[in-house]
Every structure is written in structure tokens, then in C-alpha cells.
Amino acid sequence: MLNAGTGAAPNLSGRRARRAFERIRRIRILSELSRQARTRELPVWLVGGAVRDLLQGREHPDLDVVVPAGSADALASTLSRRGMGTVVLLSDRSPRVVRVAGRQTLDLAELEGDGIGRDLSRRDFTVNAMALELSSGALVDPFGGLADLRRRRLRLVRPGNLEEDPLRVLRAARFYATHGLLPDRALTESCRAVAPRLRDAALERIATEISRLLEAPGSAPALAWAHRAGVLEPALGREIPGGIARRLGRLDARPVASAPIPARRTLRLALLADALEVPAEQIAHYLAGRRFSREEARRAARIVDLARRAQTLPPDRDWEWIVLAGSEGSDALRAASVLSPRGRRASSRLERKMRRPRPRVKVSGDDLIAWTGMAPGPEVGRILEALEVEIRRGALRSRRQARAWVLSRSAATSPRPPTR
């Protein structure tokens with residue numbers, strides 16, 4: 001059972017505590033590490049996000065432990081020999097950090113100072129400043145993180161820790177979204193003071209935090225908090241337009257929130273760019289410039305473009321839109337459905353047509369070239385797209401009909417020979 005260490009918050013209920021510790025003991029690499037530590041009579045602490053998430057009943061993919069100085073290499077090597085993964089040196093500076101990279105990643109950081117308390121005091125939030133001694137099951141919680149976890153409250157260990165890494169203000173918004181931890185007033189005010197320094201943070205780190213936030217089940221309240229705390233503008237590098245709270249609400253609309261990851265993240269990125277009033281033709285450039293992947297930036301821009309087209313699409317152009325949208329059609333319709341009532345109606349109409357089975361008429365670019373003698377090039381692609389519209393519309397039901405349609409079209413568009 002979990003026992004509270006010195007200065008700890010009250011224990012979890014007995015049943016929940018036993019379940020948490022049993023989950024930890026079933027993690028093979030931690031079980032083996034605990035056994036090796038007992039053999040060497042060494043204390044080893046599981047720390048940070050893994051403790052927080054395991055106490056909440058969540059899975060945590062990466063594990064961080066703190067071990068006595070001078071023991072990380074020996075413990076990591078033993079785990080590697082027992083098939084737990086490959087040893088990688090992450091930092092040779094103090095604190096020395098060694099990684100065992102396998103099915104589950106384990107980072108072993110060597111303890112600085114005279115106890116685990118100093119390590120915990122440098123962490124950002126109280127819910128991340130807890131440690132679990134693996135052999136005894138003692139929970140070390142000097143800052144009341146367990147009580148904050150129960151109350152779903154996000155609180156600083158101390159203000160200076162936020163100033164050491166301005167990116168932590170964005171992490172506060174992320175934990176609000178991913179863990180439902182509401183920043184308290186003191187944290188909000190500290191974030192407001194530190195937020196301008198986000199402009200100097202690495203864009204790659206900012207993009208990573210925003211991506212994680214956008215993957216959460218709900219992201220709008222966290223983004224609205226970030227705006228109120230002055231975090232959103234320096235994080236996104238763009239002036240925030242008026243009425244942003246209402247637009248951010250679209251990110252949690254059911255069609256968007258129910259999308260699978262990573263589609264949910266890309267959809268929200270597209271809607272976020274739209275909420276920021278980034279012109280459609282600049283969205284891909286803007287997002288790539290903020291260090292989101294070029295492919296995701298392209299997809300987000302295309303989703304916005306297709307969604308905007310769908311809002312004003314006359315019904316007789318539906319099949320053209322469906323063929324143009326291709327594999328991105330479903331995501332574009334999710335976006336269109338939350339942009340406006342008109343978009344919602346168009347989305348319902350287009351979705352019904354997209355569900356219809358495609359007629360079994362297949363024509364390739366090679367077929368077009370063989371039928372017409374055309375040279376490979378953009379024109380082949382244009383004719384193929386127009387042909388697909390007619391097939392999806394149901395106007396062409398066989399390859400013979402498709403061939404006749406292609407020949408009539410190519411004849412109509414071919415230049416006439418010069419007259420003598």
C-alpha cells in the first residue's frame with residue numbers, strides 16, 4: 001500500500017492505493033529495477049508524470065526514476081542485459097541521465113544533493129512533484145500534489161520554477177486539457193507575467209505542447225484559459241482577434257472531438273488557424289513556420305479550404321467537391337459542419353452522397369493514354385478527375401461508356417488541323 005512520506009498529503013483510499021501500487025508492480029521494467037535496487041540496497045524513486053498518471057489510473061508510456069549518484073550506469077546495464085532495452089546516455093552533466101530504450105522507455109537520473117526532496121522542489125507543478133519509492137511503496141509528497149490531484153487543481157511548486165522554463169506556462173494549459181487540472185489564481189497570474197518570454201522559446205517545443213493539447217478529449221476551455229492568461233498570443237505568434245472564445249468552442253464540437261487521433265489534432269489545428277483569421281492561402285505557410293510538420297500544415301490548410309467551399313456549394317456541384325476532396329473529404333465535412341449552419345446543412349447533404357457505394361468502373365491514366373494517344377501530363381489528370389465525377393454521379397456505368405465519354409471529350413478539346 002502507498003504510504004505518505006514526510007510532509008505528504010493524506011493517503012489515497014486503501015483500495016485505490018492498492019490498485020495504483022499493483023499497476024506499478026506489474027510494469028516489468030520497474031519490477032526488475034526494484035529487484036536490482038533491493039539487491040544493491042539502493043533507494044530508487046519513480047517520479048514526475050508517471051506517478052501522477054498511475055495514481056489517476058492512467059497509462060503513462062515513459063517512465064522517469066531517480067537513483068543515487070553513481071548508480072545509473074550499473075542499473076541501466078543490468079536492465080539491458082535482461083532484455084529490457086538498449087542503454088543510451090542522455091546527459092553526462094549533472095544530473096547524469098541514462099535511458100533504457102525498449103518496449104517501454106525508462107530514464108534513470110542520478111540524485112543531486114542529499115535527498116529526493118531537492119529533486120522534487122525543482123519541478124513545475126505540485127502534481128508532478130511526487131515520488132514513489134519502489135521497494136517500500138512510500139509516497140513522497142512534500143508539496144501536497146496528491147491533494148491537488150484529488151481536487152483537480154494545478155498549482156506551482158514555487159514561482160521561480162516557472163521562470164526557469166517559460167514553456168511551462170504552455171504546459172499548464174496542456175495539463176488543463178489532458179488531465180482536467182484547473183490552474184489556480186496564483187499560477188494564472190504567474191503565467192501572465194512569464195508568458196511574453198514564450199516568444200524566445202524554441203518553436204519546435206511550442207508546437208509539441210500545442211499538439212498534445214489539441215489531442216485531448218476537450219481543448220477549448222484550456223485554450224480559452226491560455227488566452228485569458230496572456231499565453232495564447234506569444235505561443236501562436238499572432239494577434240488574437242475579438243470573439244476568439246466563441247470560435248475556440250468549435251474545437252470541442254462533437255464532430256471534431258469524436259474524430260480519432262491524429263485526425264482530431266489536425267482538424268483542431270485547421271479550426272484554430274481559422275479562428276485566428278489566417279487567410280486560407282496562408283494557413284500552410286503559417287503552420288509550417290510555427291514548426292508543425294509540413295504535411296500536417298498542408299492537410300490543415302486543405303481542410304479549411306474544402307470546408308469553406310462546402311458552405312456555399314450548390315447541390316449540382318456536389319460530386320465535383322467530393323472527387324476534389326478525396327481522402328480529406330470526411331475531415332473537411334467535420335470542419336464545415338461546425339463553421340456555420342449553412343456548412344452544417346451542406347455537410348449533411350455531401351456526407352449522404354459520400355456514403356453511396358462507388359460504381360465499379362475503374363479507369364486509369366494508362367487507359368486514357370491508350371484510348372486517346374495523349375502524352376502523359378496534367379491534362380490526363382484533369383480528364384481523369386472529370387471522368388470520376390461522371391462515374392460517381394452515375395452517368396457512366398461501364399468502361400465502354402467511360403471510353404466513349406473520354407473520346408468525345410478529347411475530340412471536342414483537340415485542336416483542329418490547320419486548313420490549306
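Trainee: Which helices do the buried residues of α18 pack against?

Mentor: Before the answer, a word on the model: it is predicted, so local features need pLDDT of at least 70 and side-chain atom pairs count only at pLDDT 80 or more, while totals for chains, interfaces and linings use all residues. Residues are numbered from 1 along each chain as its sequence is written, and side-chain values use heavy atoms, with hydrogens and water left out. Helices are DSSP runs of H or I with at least four residues, strands are runs of E with at least two, and both are numbered from the N terminus. A contact means heavy atoms within 4.5 Å. Here the buried residues of α18 pack against α17, α19 (329-339), α20 (341-355) and α22 (378-393).

Trainee: Which residues of α18 are buried?

Mentor: Buried means under 20% relative accessible area, exposed means over 50%, and partly exposed is in between, with a 1.4 Å probe and protein chains only. In α18 the buried residues are D318, W319, W321, I322, V323 and A325. Because six of the eight residues of α18 (residues 318-325) are buried, this helix is largely enclosed by the rest of the structure. After α18 comes G326, with a positive phi near 60°.

Trainee: Which residues have the most contacts inside the largest nonpolar core?

Mentor: In soluble globular proteins, nonpolar side chains tend to be buried together. A nonpolar core is a set of buried Ala, Val, Leu, Ile, Met, Phe, Trp, Tyr and Cys residues joined through side-chain atoms within 4.5 Å. The largest one in this model has 110 residues, and those with the most contacts inside it are L30, L46, L106, L108 and W321. A second, separate core of 14 residues includes V363, I383, I391 and V406. Leaving aside residues up to four places away in sequence, L108 touches several residues, among them L33, V65, L75 and V98.

Trainee: At what angle do α2 and α4 pack?

Mentor: Axes are lines fitted to C-alpha atoms, for helices over the stretch in contact, and the angles between N-to-C directions run from 0 to 180 degrees. Helix α2 (residues 28-40) and helix α4 (residues 72-81) pack at about 130°, and their axes are 10 Å apart. Angles under 35 degrees count as roughly parallel, over 145 as roughly antiparallel, 65 to 115 as roughly perpendicular and the rest as oblique, and α2 and α4 are therefore oblique to each other. On the α2 side the contact is made by I29, E32, L33, Q36, A37 and R40, and on the α4 side by A74, L75, T78 and L79.

Trainee: Where does R291 lie, and which residues does A207 touch?

Mentor: R291 lies in the loop between α16 (283-289) and α17 (294-311), and has a positive phi of about 75° although it is not a glycine. With a relative accessible area of 43%, R291 is partly exposed. A207, in helix α10 (residues 203-215), is buried at a relative accessible area of 5%. Not counting residues up to four places away in sequence, A207 touches R290, R291 and F292.

Trainee: Which peptide bond is cis?

Mentor: The bond from I261 to P262 is cis, with omega near 10°, and P262 has its place in the loop between α14 (254-257) and α15 (263-275).
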